[in-house]
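Here is a short briefing on one protein model.

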Amino acid sequence: MIKKEVEKILQYVQKPARYTGGELNSVIKSPEKVDIRYAFCFPDTYEIGMSHLGMKILYGLINRRSDAWCERVFAPDSDMEELMRANNVLLYALESGDYIRDFDIIGFTLQYELCYTNVLNMLELAGVPIYSKDRTGLTPIICAGGPCACNIEPMADFFDIVFLGDGEDSTDEVITLLKECKEKGLSKHEFLLKAKDIQGIYVPSFYDAEYNDDGTVKSVTPRYNAPSKVKKSIVKDFNSVYYPDSFVVPYIQIVHDRAVAEIFRGCIRGCRFCQAGFIYRPIREKSVETINEQSKKLISSTGYDELSLCSLSTSDHSRVNEMLSTLIDWTAEKNINLSLPSLRIDNFSDELAEKLKLVRKSGLTFAPEAGTQRMRDVINKNITEDEVITTCKKAFDNGWTSVKLYFMMGLPTETMEDIEGIANLSMEVVHAFYRNPNRQKGTGVQVSVSCSSFIPKPFTPFQWEPEDSMESLKAKQEHLLKSIPSKKVRVSFHETPSSLLEGVFARGDRRLSEVIYIAFKNGCKFDSWGDRFNFDIWLDAFNKAGIDPYFYTKRRRPFSEVLPWDHIDYGVSRKFLEKENIKAHNNEVTPHCRNKCAGCGANMLNGGNCDARG
């Protein structure tokens, strides 16, 4: 139910459907009949947040409980925010229209570091004190989850609790605990004392950080018998875990407007730059039967004509051909487009290409990541140039005329020769198309090259590495453009100033909370949007806080250094990451998990089980 004060301003905003709710499959409950109200906040616009699978899962999981109601909240765009502030309209939830300051839990998913100022802005718009120390009552509990939670230290001063790892089980446990604490009239501190004992729950205020004279972390010490190492939560059986049988269907176009079937979590590959590949370990697969059943339910309940298979590497599912055959049997009949992102170059078989030809109309996307074999060995990509070209030939043989290639720039030990390798490999793909005797006459090829700036992330073998400087990255970008002789290859880059900021917060400590707060107060928000990002304000915020951002990006950390996230346990052992770092500098590769277990240790969080080992 939209409040009258909200109705009055909606006529003046660009996309009012972002702020009205009422979509198909949205859940409406009576506030008087639930014990816990949960505001699930995505710190970006509706179109981006509504595309996020994690929100869809937790929305359904919480709302299946009779005692809880989860509602959605998104960051209002600048036109809506301006009107809200001018008319004293607080941030509200879409389902009920109620102000979220009166909810029991306000949860944020942190998908990328450049959303941090949006979190503070949403708290302020909600009328909720931004710092956790200023919120004295039991509710609302302000929490966070998502991939950035693995190093929440730069945002530690703002959250009461943090969800580490898979959220399905720990979310249910926290809701049940908070309900009990409300019934007993317990304080926030008493709730936190109990919450710290739930696996996957981190209470930042229960840990004290000390620093050495050189600015590095001396120690992170727990209080109140909090665990010295906080283990992430993990879903053990992926076939039986909750998955929604319906999605909220938006009125307006969103970024990924389709049904999504999650087919497994984790990754067998061990690419040394990839945080997701390590923090979502161990591998847990869904069976073909489960995937098929869940996909049918989603298509039926939403009316979507596209189904996307979600994982870090879709073609690495152990029964991928059987899965595709099963899905194609009914999606083709119903004219449902089947989308397979995250395809691997080294297992793109003729059989897979034949199946894709039946369902895939757009261009294919592959990720060589680096242009030379030496560089691919450094990052443990485990593919050769011959495999890249052979895969593209298969695609061209089967009628594709456009290919997108993802690369990274600024990787450890990278040289200008490696940058030239990106150009050379891209041109070899172009040549492969025109050498193809089966290509249709008069057709041309388009190779899109996307180069992102490498940012060292926690819980990867490169977490100790320096980040490439903005000046170096710009020089490499210019060199790549000069090295490509054909208009058949289009190149796009990631902005370097925002990469610097992302790198600072990815491996930062809790002293950065002050920087984020100052930048927010001086107008920073939507920092991941190129037209909104203001680097000068951020540099001023670092200066006012007396913090050098390059302290977090320019230096190589020794293995002996205490890292800000060392008290967090995502399962992959530190010794394993150190060994992988050494192998990277020796240009040595590690076989993927199905070829040989490398002993990363993540399976121990799952009772010794990992589907990659079966």
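The points below are grouped by topic.

The model is predicted. A search of the whole structure finds six cavities of 30 Å³ or more. The second largest pocket holds about 350 Å³ of space.

**Asp67**
- Asp67 sits in the loop between α3 (53-63) and β2 (68-74).
- Asp67 counts as buried because its relative accessibility is 12%, and buried means under 20%.
- The Asp67 side chain makes a polar contact with the side chain of Lys179, at 3.2 Å.
- Beyond its neighbours within four places in sequence, Asp67 is in contact with Val34, Asp35, Ile36 and Lys179.

**Second largest pocket**
- Its lining has 20 residues, and Ser132, Lys133, Asp157, Pro204 and Ser205 lie nearest the centre.
- α7 (188-195) and β7 (207-211) each supply at least two lining residues.
- α7 gives the largest share, three residues.
- Eight lining residues are nonpolar, four are polar and eight are charged.

**Largest cavity**
- The volume is about 80 Å³.
- Residues lining the largest cavity include Arg18, Tyr19, Arg72, Phe74, Met80 and Tyr92.
- β2 and α4 (78-86) each contribute at least two residues to this lining, with the largest share, three residues, coming from β2.
- The lining has nine nonpolar, no polar and two charged residues.

**Second largest cavity**
- The volume is about 70 Å³.
- Glu467, Asp468, Ser469, Met470, Thr496, Leu500, Tyr550, Thr553 and Lys554 line the second largest cavity.
- This lining divides into three nonpolar, three polar and three charged residues.

Terms used:
Residues are numbered from 1 along each chain as its sequence is written. Side-chain values use heavy atoms; hydrogens and water are left out. Helices (H or I, at least four residues) and strands (E, at least two) are DSSP runs, numbered from the N terminus. Buried means under 20% relative accessible area, exposed over 50%, partly exposed in between (1.4 Å probe, protein chains only). A polar contact is a pair of N or O atoms within 3.5 Å; within protein, one must be able to donate a hydrogen and the other to accept it, and residues adjacent in sequence count only if both atoms are side-chain atoms. Contact means heavy atoms within 4.5 Å. On a 1 Å grid over the protein atoms alone, a cavity is a set of points where a 1.4 Å probe fits but cannot get out, and a pocket is an open set with protein on both sides within 12 Å along at least five of seven lines; lining residues have an atom within 4 Å of a point. Grid points are joined across faces, edges and corners, and a volume is the space filled by probe spheres set on the points. Ala, Val, Leu, Ile, Met, Phe, Trp, Tyr, Cys and Pro count as nonpolar, Asp, Glu, Lys and Arg as charged, and the others, Gly among them, as polar.
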